[in-house]
Amino acid sequence: MDSPWNELTLAFSRTSMFPFFDIAHYLVSVMALKHQPGAAELAWKNPLSSWFTAMLHCFGGGILSCVLLAEPPLRFLANSTNVLLASSIWYIAFFCPCDLVSQGYSFLPVQLLAAGMKEVTRTWKIVGGVTHANSYYKNGWIVMIAIGWARGAGGSIITNFEQLIKGCWKPEAEEWLKMSYTAKVTLLGSVIFTFQQTKHLAISRHNLMFFFTVFLVATKITMMITETALMPFACFEDTLSQMLFGWQQKFLPCEKKSETKSSFNGTGSSTSKPVANASEKVKKKHSKKTE
């Protein structure tokens, strides 16, 4: 007989994301799009372009994972229910009378609830990506990590291509060049669930899903309440960077000292030569006088 804790975590891992958690994910994604400069005006001028951009925000992770696995990128359109649900969220968010959706979303409790539910879906996407990649490449852990990361945080990468097409792409905001906290924590989760999938981590999947989801939700809510960019991996990143790449900086002072010594010796020899030449000239003049 399973313990109550195992029954709780197992029931949690079997929770369906449709419809409530998916609605929260679509709402947060669409509202993030609406808060971008010029997004509301674009929706009124060109609704089709705005809808397409919203679908990239909502289904970008699935599109990127399909591209990496050589699957049809438009596979997400086969799930008509989710597409219609995301399209409904987009429509009421941009075209609701008196902008009631944005006003209701502006309350902090609503934002915290929606953001927490979105982080729950992130765990499910990571696990789904790792499992899906394992079905193609058995124990191919690099592929599993890449697909899990793409499924969980690929939306921001896909939308960068969309911004590039529109001509408003900013290189400093590129996820490949400057990874955000979301991309980092998704990559960490993909690595952890890949180790669990390949039996290198002695923990059951449902327990791992529960602990990782609690970590995601708690961190996200803390960041929103404190309004600070909380970086729990900063200390670990600094330590790892110092261990792998910091040892090269120890040789820089030695190189600088050797350069200064060589330059000092060079200047000393160059200054001593004029002094020696001057002394020889004085001696020659003195010998001429004596003659």
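**Exercise 1. The cavity**

How much space lies in the largest cavity?

*Solution.* Start with the ground rules. This is a predicted model, where local features need pLDDT of at least 70, side-chain atom pairs count only at pLDDT 80 or more, and totals for chains, interfaces and linings use all residues. Residues are numbered from 1 along each chain as its sequence is written, and side-chain values use heavy atoms, with hydrogens and water left out.

Next, the term. On a 1 Å grid over the protein atoms alone, a cavity is a set of points where a 1.4 Å probe fits but cannot get out; lining residues have an atom within 4 Å of a point. A volume is the space filled by probe spheres set on the points, with grid points joined across faces, edges and corners.

Now the values. The structure holds one cavity of 30 Å³ or more. The largest cavity contains about 40 Å³ of space.

Glu-119, Arg-122, Tyr-181, Thr-182, Val-185, Leu-216 and Lys-220 line the largest cavity. Helix 7 (108-136), helix 9 (181-197) and helix 10 (205-226) are the elements that each give two or more residues to this lining. Helices are DSSP runs (H or I, at least four residues), numbered from the N terminus. Helix 9 gives the largest share of the lining, three residues.

The lining of the largest cavity has three nonpolar, one polar and three charged residues. Here Ala, Val, Leu, Ile, Met, Phe, Trp, Tyr, Cys and Pro count as nonpolar, Asp, Glu, Lys and Arg as charged, and the others, Gly among them, as polar.

**Exercise 2. Helix 7 and its partners**

Describe how helix 7 packs on helix 9 and on helix 10.

*Solution.* Two packed helices are described by the angle between their axes and the distance between the axes. Axes are lines fitted to C-alpha atoms, for helices over the stretch in contact, and angles run from 0 to 180 degrees between N-to-C directions.

Take helix 9. Helix 7 packs on helix 9 at about 45 degrees, with the axes 9 Å apart. That makes helix 7 oblique to helix 9. Angles under 35 degrees count as roughly parallel, over 145 as roughly antiparallel, 65 to 115 as roughly perpendicular and the rest as oblique. The crossing is right-handed: the near helix is turned clockwise from the far one by less than a right angle. The contact (heavy atoms within 4.5 Å) includes Arg-122 and Ile-126 of helix 7 and Thr-182 and Phe-193 of helix 9. Its residues divide into four nonpolar, nine polar and one charged.

Take helix 10. Helix 7 and helix 10 pack at about 145 degrees, again with axes 9 Å apart. This crossing is right-handed too. Among the residues that meet are Glu-119, Arg-122 and Trp-124 in helix 7, and Leu-216 and Lys-220 in helix 10. This contact divides into 13 nonpolar, five polar and four charged residues.

Terms used: 1 Å grid on protein atoms, 1.4 Å probe; cavity = no way out; pocket = protein on both sides within 12 Å on 5 of 7 lines; lining within 4 Å.
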